[in-house]
Amino acid sequence: MKKLSCRVLVVGGGPAGATACRELNRLGINNILLEKNLNFTKPCGGGLIMSAFSEFNIPKSLIHKKISKIEIISPKLNRAIVNIKDYPLTIVNRYEFDRKLRELAREGGTKIIEAKAYNIDLNNSPIVFAKSKNMEFEIHAQYIIAADGVNSTIRKKALNETHSRIITRYMDIENINIDSCQFWFGSDISPKHYSWIFPHHNRINIGLASNNEKKIGEYFNTFLKKSNLDSSKNRAKGYYIPQWSGERAVYFKKNIFFVGDSASMVLPFTYEGIYYAMKSASIAVNAISKNEPSLYQKEWERLYLKKFKFLRLLQRLFLSNDYFSEKLVQLYQRKSFQKSVIAYWVGEKEPTDRISTIWKFIKVIFK
Ligand SMILES: Cc1cc2nc3c(=O)[nH]c(=O)nc-3n(C[C@H](O)[C@H](O)[C@H](O)COP(=O)(O)OP(=O)(O)OC[C@H]3O[C@@H](n4cnc5c(N)ncnc54)[C@H](O)[C@@H]3O)c2cc1C
């Protein structure tokens with residue numbers, strides 16, 4: 001058993017973990033990163049808002065595609081086209097993206113160990129036990145940052161729970177080029193959620209999310225037929241996305257900061273998780289640098305609680321049935337509505353409160 005120690009141990013080297021290490025390096029805080037598989041490719045559409053590249057100083061060479069148009073397709077196949085050229089969405093390849101962020105962390109001073117964390121001891125200051133192919137580690141740290149994703153081992157061990165999550169089914173189809181991200185609504189393909197078609201370099205990623213693991217195969221086949229895609233040469237896969245646990249979220253406990261998917265910080269309705277994983281990591285590191293753990297929750301809630309609640313409410317209202325989803329697409333056909341939604345999305349406009357949102361919804365639906 002090899003014994004190591006550091007001020008901060010980061011478990012998980014996805015966008016949250018790698019960003020935490022980069023921020024720790026920037027602030028001169030000694031850290032170690034544990035990643036169980038340095039060749040892992042996180043199943044992901046790879047959609048990330050363009051501004052994240054300058055905010056987190058990420059090389060733009062990682063951008064595979066720049067998207068300036070979103071298509072929203074209703075249950076009855078009506079379409080709305082939303083122009084986002086002022087706030088483009090980028091598509092990244094997660095294998096390259098995660099590797100590059102870890103490489104930048106390593107260059108900044110992080111010691112990276114390829115090993116799986118399997119247990120923790122929280123009796124005094126935390127100890128994490130990890131295993132690689134040929135070695136066992138016992139790592140002592142003042143703080144742990146749990147960035148080990150939706151199936152977080154640290155979360156299971158420290159809190160004795162996993163959070164609520166939804167299942168996805170997705171597939172890559174080669175030799176198809178499209179220039180927009182498509183979001184499809186409908187109870188026949190993804191009740192209460194959406195299905196997507198995202199472009200990548202010379203291929204597309206098609207998928208959907210559901211609470212119903214038994215029926216997801218059926219929904220996926222219906223979606224393939226509805227979108228006229230030939231999937232005969234490809235195999236569908238599945239992976240979980242955490243469902244934001246809202247007011248029950250745990251940010252910090254027993255010297256452990258939970259960030260990214262391990263803290264369920266995925267935006268409801270859109271399921272964007274990459275940006276919020278990086279953002280939560282940088283807010284947690286700021287709290288560590290001030291030795292004031294409670295700052296993490298305070299700052300995160302100040303920035304995002306209202307937005308997350310607002311998106312959760314919109315999802316519950318508009319995706320509850322086909323009639324309301326149809327209305328949503330009609331709304332998206334209006335330029336003024338598109339402008340407001342984009343302003344909420346990029347954080348230029350504050351979400352309205354619950355009562356006025358429901359009131360606006362009632363006016364839209366019943367007029
Ligand atoms: C099908 C699908 C499509 C998606 N599409 C998008 C999208 O287009 N845009 C978007 O913003 N979000 C998307 N998401 C969500 C997004 O992928 C996640 O929110 C994001 O990856 C979270 O980052 P993270 O660093 O918290 O966790 P992860 O990216 O999951 O990274 C966790 C890391 O921890 C490592 N790890 C796990 N357990 C251990 C352990 N015990 N010891 C050591 N290491 C460990 C893993 O190997 C992994 O590298 C999608 C998710 C899915 C499933």
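**A covered helix, a ligand shell and a sheet**

Author: In this predicted model, helix H1 is mostly covered, since ten of its twelve residues are buried.

Reader: Against which elements do the buried residues of H1 pack?

Author: The buried residues of H1 include Pro15, Ala16 and Gly17, and also Arg22, Glu23 and Leu24. Their packing partners are strand S1 (2-11), S2, helix H3 (94-108), strand S11 (136-146) and H6.

Reader: Which residues are closest to the ligand?

Author: Helix H1 (15-26) is one of the elements that each supply at least two residues of the shell around the ligand, and helix H6 (274-289) is another. The residues of this shell divide into 18 nonpolar, 14 polar and seven charged. Of the 39 residues that surround the ligand, the closest are Gly12, Gly14, Gly45, Gly260 and Gly273.

Reader: Which strands are the edge strands of the open sheet of seven strands?

Author: The order of the strands in this open sheet is S6-S5-S13-S14-S15-S12-S16, and their pairing is mixed. A strand at the edge pairs on one side only, and this holds for strand S6 (79-83) and strand S16 (237-242).

Reader: Within that sheet, what is the bridge partner of Glu71 in S13?

Author: Strand S5 (residues 69-73) pairs with strand S13 (residues 181-184) in the parallel sense, over four bridges. For Glu71, the bridge partner in S13 is Gln182.

Technical notes: Residues are numbered from 1 along each chain as its sequence is written. This is a predicted model: local features need pLDDT of at least 70, side-chain atom pairs count only at pLDDT 80 or more; totals for chains, interfaces and linings use all residues. Two strands pair if DSSP finds at least two bridges between them. A residue is near a molecule or strand if its C-beta atom, placed from the backbone, lies within 6 Å of it. Ala, Val, Leu, Ile, Met, Phe, Trp, Tyr, Cys and Pro count as nonpolar, Asp, Glu, Lys and Arg as charged, and the others, Gly among them, as polar. A residue is buried if 20 or more other C-beta atoms lie within 10 Å of its own, exposed if 12 or fewer, and partly exposed in between; C-beta atoms are placed from the backbone. Two residues are in contact if their C-beta atoms, placed from the backbone, lie within 7 Å.
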